[in-house]
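Have the structure open while you read.

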Amino acid sequence: MNTAVNRTPAAVRAPARLGRFVLRMFRPQIYVTYGVLWTVTLEGTAGEISKTAAPWTPTWATAVRAASVVLALLFVRMADEQKDLDHDRRHNPDRPLVTGAITVAELRGAMVLITVLVVALNALVSALSVLLILLGLAYTLFLAVLERRFPRLGENLVAGLLVSYPVQLLLSVYLYVSLLTGGGIDADWRAVPLLAMFACAFLQFEFARKTEWRQDPQARLYSQVFGPRGSASISLALAVGAVVLGLALLGRAGLLPAAALVFPALGAWRFLLRKRPSGLMLPAMGFVLFFNLLCFYGSTALAIGR
């Protein structure tokens, strides 16, 4: 009887603790917006370049894919929190796992729930959708095992990026192939530059958020590897690459998302000329959001005009 009584408060507290974790480490206004924009932009642009008979329109399957992407991003965030626990104990003592605001068991339980949920949702779309979304989640877990087996991999930023980036690529492939198998588009070789466009947009933010003037070997910054100017230049070049690919895919409609370049250009000016300590991250975030939004608007406008 006492055991049952003792378990009840923990069962009641766990959802609240998870909710606080999500609000702090996975801000919905950013990640949910990003996940939904990523989904509808990729689908809308893929629909336009495939030149199907009917213009692309969002469906219930679009909602499933958007929810799956957001849940997969949360799964990755929870896995990263556990993977980085030893490092955070030394350098980030205020992180939820370190302070005890959440436990490893609670995070793993939530990850199991996410897995069940995305399988159930994608079973409504196609078996291949289930397989691909599970592949993205499985690769996330594989990374954790890989870094435990080879600790230096986590210490080498460039090597770490090369092995961790496929998670984002797998999610883009999931979105495209799920849309393809659902009959929403026809297969087209331009899927390759389409996925590359999203890769560039994502990676420019990845470099921007880890580029600073300060020298701190424990901070895991790309600017420690390439130098502040080199890392900032890579971020800007990736943004330009995303815009060039958008122009190649959308033609004149790609001029609209090209306007989003004002964000990384402003960030580069603030960082390189004004020497702001970390002036790249917010403009890079603005580029990702507005570039996706304007690509979606441009592809939709093309579809309506056909």
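This is a predicted model: local features need pLDDT of at least 70, side-chain atom pairs count only at pLDDT 80 or more; totals for chains, interfaces and linings use all residues.

Residues are numbered from 1 along each chain as its sequence is written, and side-chain values use heavy atoms, with hydrogens and water left out.

A few terms first:
- Helices (H or I, at least four residues) and strands (E, at least two) are DSSP runs, numbered from the N terminus.
- Axes are lines fitted to C-alpha atoms, for helices over the stretch in contact, with angles from 0 to 180 degrees between N-to-C directions.

**H11 against H13**
- Helix H11 (residues 191-209) and helix H13 (residues 228-250) have axes that come within 8 Å and cross at roughly 155 degrees.
- That makes H11 roughly antiparallel to H13 (angles over 145 degrees count as such).
- H11 passes H13 in a left-handed crossing, meaning the near helix is turned anticlockwise from the far one by less than a right angle (clockwise would be right-handed).
- On the H11 side the contact (heavy atoms within 4.5 Å) includes Pro193, Met197, Cys200 and Phe207, while H13 brings in residues including Ile234, Leu238, Gly241 and Leu245.
- The residues of this contact divide into 15 nonpolar, five polar and no charged (Ala, Val, Leu, Ile, Met, Phe, Trp, Tyr, Cys and Pro count as nonpolar, Asp, Glu, Lys and Arg as charged, and the others, Gly among them, as polar).

**H2 against H11**
- The axes of helix H2 (residues 28-50) and H11 come within 10 Å, crossing at roughly 155 degrees.
- H2 and H11 are therefore roughly antiparallel to each other, and H2 passes H11 in a right-handed crossing.
- Tyr34, Trp38, Thr41, Leu42, Thr45, Ala46 and Ile49 of H2 meet Ala191, Leu194, Leu195, Phe198 and Phe202 of H11.
- By class, that contact has ten nonpolar, two polar and no charged residues.

**H13 against H15**
- H13 and helix H15 (262-273) have axes that come within 10 Å and cross at roughly 170 degrees.
- H13 and H15 are therefore roughly antiparallel to each other.
- Pro228, Arg229, Ala232, Leu236 and Ala239 of H13 touch Pro264, Ala265, Ala268, Phe271 and Leu272 of H15.
- This contact has nine nonpolar, no polar and one charged residues.

**The cavity**
- On a 1 Å grid over the protein atoms alone, a cavity is a set of points where a 1.4 Å probe fits but cannot get out, a pocket is an open set with protein on both sides within 12 Å along at least five of seven lines, and lining residues have an atom within 4 Å of a point.
- The count comes to one cavity of 30 Å³ or more.
- The largest cavity has a volume of about 60 Å³ (the space filled by probe spheres set on the points, which are joined across faces, edges and corners).
- Among its lining residues are Gln204, Ser235, Phe263 and Leu280.
- H15 gives the largest share of this lining, four residues.
- The lining of the largest cavity has nine nonpolar, three polar and no charged residues.

**The second largest pocket**
- The second largest pocket has a volume of about 560 Å³.
- Of its 21 lining residues, the closest to the centre are His87, Pro151, Gly154, Glu155 and Arg220.
- H4 gives the most to this lining, with four residues.
- The lining of the second largest pocket divides into seven nonpolar, six polar and eight charged residues.

How values were computed: Angles under 35 degrees count as roughly parallel, over 145 as roughly antiparallel, 65 to 115 as roughly perpendicular and the rest as oblique.
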